Amino acid sequence: MGRRPGPSSPFLLFIKEEKIMVLRELDARGFFSVPLTRYLCRRGSGEMEVRMKVGLVRHFEVECKLPGISNLVTPGQFQEWLHEYEMSDIIEGNIEPSAIIWEKCYSSDLPRALKTAQKIYSGQVVETKALRELVICPPTDRNIKLPVPLWLILGRMAWMLSHKSQIESKLLFEKRVKYILEELILKEDRNVLLVSHGFIMMFLRKELIKRGFIGPGFGRAKNGKIYVYEK
């Protein structure tokens, strides 16, 4: 009988993540009859599973900068600035190299996210409004002038308090986040990259953790950084 493979044998190295390209090539030749991300490599009575991964990415920085606190604007001017920010071009940054093979990429359809996704993902990017950032509205239409950062804070507070000034309620927003996971991500059963925005990313992370994924925490997500969660 032949010698059983030792701890440093090619067989065991074969199932490590850095050898995923070998698995993919074999799969393309018809060796496997199950999805690669759920392929089990067996050795004796043990087994190892290639785990599903979800990557969360906040878009690159944008050219439209946040005005200083000395720049006072009315509610109408604040909304004009928001529109300018939504349509702003990105300042292309660098993405840290990753050994993970992303098999599908979804992106918010807003320009700053979509352009980022097209820079970091070589395949076809699937656009979806579901990944858009929460829209913040001024909580009043009174003709008062406040700094843009303060308008943003007041708008976020109004949303948290379910104020009628906000377009999307907390309930609808949370349903949207769950839809993203249940209808776009978990049904894929493969490594998926999501390119979106800072605020919605916090809720996506929370839902991933609730569903058993493991990954890093963050307060304000860094632009262009891939946060990986696996299960």
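Q: Which residues in α3 meet which residues in α5?
A: In this predicted model, P75, F78, W81 and L82 of α3 meet V148, W151 and L152 of α5. Contact here means heavy atoms within 4.5 Å.

Q: What makes the contact of α3 with α5 nonpolar, polar or charged by residue class?
A: Its residues divide into seven nonpolar, no polar and no charged. Pro, Phe, Trp, Leu and Val count as nonpolar.

Q: Why are α3 and α5 called roughly perpendicular?
A: Their packing angle is about 90°. The class runs from 65 to 115 degrees. α3 and α5 are therefore roughly perpendicular to each other. Their axes lie 11 Å apart.

Q: Why are α6 and α7 called oblique?
A: Helix α6 (residues 170–185) and helix α7 (residues 198–210) pack at about 60°. Angles under 35 degrees count as roughly parallel, and 65 to 115 as roughly perpendicular. The pair is therefore oblique. The axes of α6 and α7 are 10 Å apart, and their crossing is right-handed.

Q: Which residues of α6 and α7 meet?
A: From α6 come F173, R176, V177, K178, I180 and L181. From α7 come F199, I200, F203, L204, E207 and L208. By class, this contact has nine nonpolar, no polar and three charged residues. Arg, Lys and Glu count as charged.

Q: What is the volume of the largest pocket?
A: The volume is about 890 Å³. Of the 31 lining residues, R58, Y85, L152, R156 and R220 are the closest to the pocket centre.

Q: Which helices each supply at least two residues of the lining of the largest pocket?
A: α3 (75–87), α5 (148–160) and α7 each do. The largest share, six residues, comes from α3.

Q: How many lining residues of the largest pocket are nonpolar, polar and charged?
A: The lining has 16 nonpolar, seven polar and eight charged residues.

Conventions: Residues numbered from 1 in each chain as written. Predicted model: local features only at pLDDT ≥ 70, side-chain atom pairs only at ≥ 80, totals over all residues. Heavy atoms only, no water. Axes fitted to C-alpha atoms, helices over the stretch in contact; angles between N-to-C directions. Helix = DSSP H or I, 4+ residues; strand = E, 2+ residues; numbered from the N terminus. Parallel < 35°, antiparallel > 145°, perpendicular 65-115°, else oblique. Left-handed = near helix turned anticlockwise from the far one by under 90°. 1 Å grid on protein atoms, 1.4 Å probe; cavity = no way out; pocket = protein on both sides within 12 Å on 5 of 7 lines; lining within 4 Å. Points joined across faces, edges and corners; volume = space filled by probe spheres on them.
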